[in-house]
Structure formats: C-alpha cells, structure tokens
Amino acid sequence: MFVTVTVMSDKVYQVCINPDCRQTFGIDEILFGCPKCDSLLDVEYQWDRLNMPESLEFFETRWATKGFRAEGHLDFSGVWRFREMLQFVGKDDIVTIGEGRTLLEENDLVAREVGMKPQRLYLQYEGLNPSGSFKDNGMTAAFSLARLLGRKRVACASTGNTSASLAMFAHKTDPPMQGIVFIGTGRIAYGKLSQALDYGALTLQIEGDFDACLRRVIEVSDKLGLYLMNSVNPFRLEGQKAIMYRVLEARNWDVPDWIICPGGNLGNCSAFGKAFKEMYEIGLIKRIPRLAVIVATGANTLYQVHETDAVKWNGGRYDKGKVSALYKHMDETNYLPHTIASAIEISRPVNLPKALRSLEIMNGLVREVTDEDILEHKALIGRYGLGCEPASAASVAGLRQLIREQVVSPDDSVVCILTGHELKDPDATVKYHTGIDMKAANPPEPIPPTGRCANPPRKVADDLQAICAALGEKLPD
Ligand code: F0G
C-alpha cells in the first residue's frame, strides 16, 4: 500500500477540548486557547476521510530510506517517517533538522538496580536529538505550521530545552525566522542557556520563574506578532506523539505495559495519551499501555491535583474548582516551585487538563520523587548506559517507587523516557559527585603534580601509590 500526504484542511482542524464547547477552528487560525471558553485546543483529524495505513507494519516500508538525508526525503526524520499520523502540513512545508533519530535501549543493568527482571526495562533516549532533548520532536511540527502560515518570528518561555530547540530550528528554517526566548533569571542550566546564545536567539532573561515567563510571553505575543512555540501550541504536541510511534517501532510494534515520563508543563504526557488514543481508534493497536507521570516533590502540582485531590478528567468535566483552590493557595502562600530538576520546575502546568485526559486514556497515575532520588537515579542511569539530565531521571526514580509499591511488577515491560542529554546540566552532575553522603557518588580523586614543578618533588612511585589507593588495590610488585 502506498500512502501520500497532502494538506486537507476540511479533514483536519483545531477543536476545543472542553466537551461543553467543542468549537472548531481552521488550522490556519493562530490561537493558543479557545476564544470562547479559554480551554486548550487539540488538532483533530477525520481519519476515515484521510489516507491511512491499515497496520503499523506499513511504516516498515520506510526503513530502507531512513538513512537518506537528501532534500525531500522525510523518512530521515523520526517524526515525519510517521507522517500519516500528523497530516496537517504538506511535504513542501515541512521543516526538519533530522529530529527523532533516537534510541530505545533495553537496559538490564538499570533494571537490576531498580528491581526489574531482565529484558523488561527500556530506556527511550531522547537526548540524541539534534538539540539534545525531546523538544525537537515537537518543534519540527510547530515550525512546519509556522512556515505554512508565513510567520517570521517565533517565541517561547522555557526552562531551557524548548529555547535551545527553538533557537536551533529558527535559523535552519528556509527562510529563517527570528527566535525570541524568555527564560527565568538564574534558573536555567548552563548547557541550555549556551545553546540559545550560540544558535542566535534573542534571549530575554525575565525576573521570575518559568510560570512568570510563560505568562509574559503570552501577554506580548499578539502585539509583537510572535508565533508561540510552547506546548499550548497544539501542533507541537502532534510532533511529540512520534516518540510513542518510535517506541512501538523499536519494540516490533509490541505495546509495552507501562510508559513512564517526567512531568513539567505536561506537554509530553498529553501527546502520549493522544497518540495511543488515536492509534487505538484507528485500529492500529489493540491495547493501550498504562502511564506514570513523575513530578518532583518541589513542583508537584499534578500529583496534588490527581492523587491528593483525586481530580479526574471525567470526560472533560473535571473539578476545576479544586484546581483553582490549589492555585489560590499557592498565590496566598507565595509558593514558588523548587527542584534540582530545573527543566520541570513548574507550578502551573498549562497542559494540566490534557494531562488529566491522558491519565484517563492510559489508566495512569502520578508519583512525586525527591531531588535526592532524582540525582541518585541519574547517577545510576549514567553509570549503566545513557547520560541524562536530572528531570529525565525522575522517570526511573518513579519506576523504583512503583516497584516498591507493587504497582509495577518486575515482570512488566516498562519504557522510561529519558527526555534530555546529560550535558545539558553538567553542574548538577559534578555537584552530586563531589557532594557529601551521596549514595551513588563517584568523586574525582586529587593526585598532586609530579616532575620538576612539584614541590615537594614527586616520583612515579608516588603516583602509583595514590592511584592504587583510589582503586582500593595493593601496589603491583
Ligand atoms: N524533561 C526535560 C528534559 C524537559 O526539558 C522538560 C520540559 C520536561 C522533561 C517536562 O516535559 O513539559 O512536556 O511535561 N521542559 C520545558 C522547557 C518546560 O521549557 O524546556 P513536559
């Protein structure tokens, strides 16, 4: 079967997620919320009127061309290889930088550490994206639409990775766009800040945290003609669905028992639920995995809403009063989120309703993990395979907790999403390993200089002795 994609705007549109509103809008209408009721928007497709594959195996026909980087070859992209699942833009408008060429690693060493049986734990390593995080999956989709709509300036608020990704895409788009990023002063990991600067985005350091940055970018975006690239942009989430297609592809289309991901602004988990719901409705999968969203204890809004206050999606009629009461309490107590996992240091996640929806679709749950847990698991993941940044490690720390609670069985097949690369935040890593009483620490051993400059003079024998002491071994004869 041969499937092609052309944009058919009557078969794809934006729709308000509020079941009592359901207002629809064209894909060319630039909106980041429903003008009628202020709810979030979805991209919706009339699947039965679109050319769709009959099974996921269809995508295997693209494996032969997946290494091609030639102009016009979309199979190189781990997002557009699955283009039938996001048919809102034609081939000619797609902006791709080779995103989504990532890895699903079966990792028995980490599995053993957290109490899973062999061959049951998989790590989906999104740090391999061109800008080093999963954000590129979404940016390619949102930039493609921005190009289709002829936008010239794009902007976002960010804890770092969104800004790095936006900055990278902005200059690679043809014609290039101006990237403007809003980041909180002193709250961004240096790896990410350096990317925004290097890639040439106008970088605005805003007094305040991520929530303040997002509010401020939304306030000015209309007046300045900025096209917003945060995950309130529903087209970004369309691209992030592809992370789930690749997980299935790497598992030979076998649906795992669990997907576990960190939660910040809650775009990723929102996209995952949508991806599985669509695949299920089209008949491409027969069951949907369970979802666990892991937040930091210092930024645990979703945990409080879903677990403590038991607010459930309830077909879209969730208890908004409880959410408002929580936010009011945060305001009254001047609550500010705080976690070492700066990527997820967010207290008012904009995608909260969509996250609740995903938790319903995927029979999901939310757990919170401490900074200590996050850093310990980051060190384990680093030691046994793939270096990731603190926020990513929340997924594995959450898995360990769920195994202890006997919610996840050691026999279940589990995919943890590692959202960003280790080198995004080297400060956190070095601080951990040089800290006091850190469980998985591997501190550097100081060895004094040798040769003429050393005072007092040192010999090779001195070095041998020091190195053997660090290795815990006897001196060789
Ligand atoms: N992991 C990393 C490495 C992130 O950068 C983010 C979000 C998340 C997890 C959380 O994902 O927002 O979809 O729930 N970073 C955003 C940013 C907020 O601005 O870069 P989410």
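**A ligand and its shell**

α3 (161-172) and α8 (267-282) each supply at least two residues of the shell around the ligand. Helices here are DSSP runs of H or I with at least four residues, numbered from the N terminus. This is a predicted model: local features need pLDDT of at least 70, side-chain atom pairs count only at pLDDT 80 or more, and totals for chains, interfaces and linings use all residues. Residues are numbered from 1 along each chain as its sequence is written, and side-chain values use heavy atoms, leaving out hydrogens and water.

**The shell**
- The ligand is surrounded by 21 residues, each with a heavy atom within 4 Å of it.
- Asn161, Gly264, Asn265, Leu266 and Thr419 are the closest.
- By class, the shell holds 12 polar, 7 nonpolar and 2 charged residues. Gly counts as polar in this scheme, and Asp, Glu, Lys and Arg count as charged.

**Polar contacts** (pairs of N or O atoms within 3.5 Å)
- Thr419 has a polar side-chain atom 2.7 Å from a nitrogen atom of the ligand.
- Asn268 places a polar backbone atom 2.8 Å from a ligand oxygen atom.
- Lys135 has a side-chain N or O atom 3.0 Å from a nitrogen atom of the ligand.
- On its own, the ligand has 470 Å² of accessible area, and the protein covers 99% of that (Shrake-Rupley method, 1.4 Å probe).

**Domains**
- The domain assignment, automatic or from a database, gives domain 1 (103-129 + 237-431) and domain 2 (445-477).
- The centres of domain 1 and domain 2, taken over C-alpha atoms, are 45 Å apart.

Conventions. Polar contact = N/O pair within 3.5 Å; in protein donor to acceptor, adjacent residues only side chain to side chain.
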